[in-house]
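Please work through each task before reading its solution.

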Amino acid sequence: MHADAVGWSERRESKLTETYESWRRRAEDKAARAGAEAWRANPESSVYDAALLRRQTEELTRTREAGNAMMLVPLLREALYRHLAELADPRLYALTPLGTKHVVEAFYEEALACIAYLADPAQTGLDPEFTLAGFKRAAHIFGRSALLLSGGASLGFFHLGVVKALCEHALLPDVLSGASMGALIACGVGVRTDEELEALFEDPSVIRTDAIKRLPPRRAARERAMYDPARLEEVVLHNCGDFTFEEAHARTGRTVSISVSPTRERQKPRVLCYYTTPNVLMTSAAVASAAIPGAFPATTLRQRLPSGEVAPYMGTETWIDGSLKGDLPMRRLSRLHNVNHFIVSQANPHVAPIRRMTRRRGAPGVPSIVASSVRIQVAHQLELARDLTRRTPLYGALDVAQSLAGQPYGGDIDIHPRFRPTALLRAMSNISHAELLKHIKDGERATWPMLARVRDQTCVSRALYAAIRSLSLQTGAIS
């Protein structure tokens with residue numbers, strides 16, 4: 001074999017076997033060469049008021065150490081509201097992905113220490129039920145984070161690597177959303193406990209990746225679809241189990257939301273979850289969300305009745321690919337689950353490469369601004385064209401095109417795969433176990449540089465909900 005080919009093969013194998021620890025060592029070496037430690041030690045920044053941040057951190061410490069819980073509550077609330085928005089600025093992680101300014105980290109650490117103190121009635125002397133009620137109010141006001149998994153056909157196995165990296169660092173949000181391929185991954189994650197997820201990632205060979213089976217030509221023409229929905233459902237059932245949304249939530253505590261798009265003009269897209277559709281089978285929701293027009297036929301949702309019998313849900317309606325109308329249903333998630341912080345794993349082939357190329361650390365660059373302007377103009381023109389063709393055969397196609405162009409595809413923290421043309425060519429194909437492992441590793445490697453941002457931007461909400469769970473056990477309340 002040619003020496004260059006051997007070198008390329010070795011580099012490829014190195015990427016597949018790379019661990020977080022080896023990546024971190026490389027990132028530390030790069031940060032040292034860039035002088036990141038001096039930058040982190042310098043408290044000054046144009047992003048926040050360093051003197052105010054340090055003063056409020058010191059005031060929180062003094063009040064907590066003095067044991068004045070009633071004064072600490074409004075002080076902590078004021079400090080969080082005043083600083084957290086500016087501390088989420090990506091420029092604070094521009095020099096190194098391993099962390100931000102030490103003064104910022106000190107503020108986060110003190111905020112968490114204050115929450116831990118206030119959550120312990122033995123230290124504060126406050127009534128546990130009074131404390132629990134206060135934390136529930138704080139959590140509702142503060143909001144929470146969600147992980148949103150986009151479509152992307154087989155490219156969406158990238159999401160598994162994102163989930164794996166977040167799980168290994170105890171950063172996986174309790175709220176998950178998925179559309180199309182993202183729905184299949186979200187359901188598979190949402191039905192598993194932490195221990196079961198750990199076992200899954202230790203042996204991913206149990207995951208079936210053979211959902212694509214061509215239909216005979218006559219049936220394909222009759223159903224206007226290329227692939228067998230029965231095979232898709234068989235694979236989803238194997239990977240996700242047989243649970244309703246309510247059963248899965250009770251089992252794992254995770255809240256899974258699945259986007260589906262309507263086939264009827266006057267129907268709205270739906271977000272299915274244990275609030276809105278508790279008895280709907282997650283398998284049927286995932287299959288509906290993955291029903292790409294032309295690839296799979298539209299499908300009906302199914303529910304489990306109190307008797308245990310399975311029956312159609314809204315049997316006169318059929319549903320298709322959730323990405324068409326709600327790849328990232330952020331507004332709906334905000335209303336349903338009090339989510340105000342979105343971590344997006346974006347693998348759609350028509351989105352991820354462009355967002356990755358235009359993304360810049362720090363303030364948006366010219367490519368990002370140009371891309372955003374073009375997208376807005378295209379969506380507007382498609383909307384005009386759609387409205388002009390409302391009663392023509394073109395309306396359906398233009399409606400889909402306008403939805404794809406007009407919806408948001410990014411969140412507060414975006415994680416994208418590297419653009420690989422070979423993977424793109426196999427997006428609508430069954431993949432091998434080796435390809436699955438590569439997608440998972442791609443997801444991990446894309447997530448590692450984001451872990452510090454995820455940790456910092458979610459630490460307060462995670463601490464609030466952990467306190468609620470602990471206090472609920474103490475008081476016998478249902479959290």
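**Exercise 1: a helix pair**

The axes of helix 6 (residues 102-118) and helix 23 (residues 451-475) come within 10 Å of each other and cross at roughly 5°. Helices here are DSSP runs (H or I, at least four residues) numbered from the N terminus. Axes are lines fitted to C-alpha atoms over the stretch in contact, with angles from 0 to 180 degrees between N-to-C directions. This is a predicted model, in which local features need pLDDT of at least 70, side-chain atom pairs count only at pLDDT 80 or more, and totals for chains, interfaces and linings use all residues. Residues are numbered from 1 along each chain as its sequence is written, and side-chain values use heavy atoms, without hydrogens and water.

Task: Classify the orientation of helix 6 and helix 23, and state which residues meet.

Solution. 
1. Angles under 35 degrees count as roughly parallel, so helix 6 is roughly parallel to helix 23.
2. Glu105, Tyr108, Leu112 and Ile115 of helix 6 meet Arg455, Asp456, Cys459, Val460, Ala463 and Leu464 of helix 23; contact means heavy atoms within 4.5 Å.

**Exercise 2: a second pair**

Task: Determine how helix 10 is oriented relative to helix 13.

Solution. 
1. Helix 10 (residues 181-190) packs against helix 13 (residues 229-240) at about 30°, with the axes 8 Å apart.
2. Helix 10 is therefore roughly parallel to helix 13.
3. Leu184, Cys187 and Gly188 in helix 10 meet Leu232, Val236, Asn239 and Cys240 in helix 13.

Methods
Helix = DSSP H or I, 4+ residues; strand = E, 2+ residues; numbered from the N terminus. Parallel < 35°, antiparallel > 145°, perpendicular 65-115°, else oblique.
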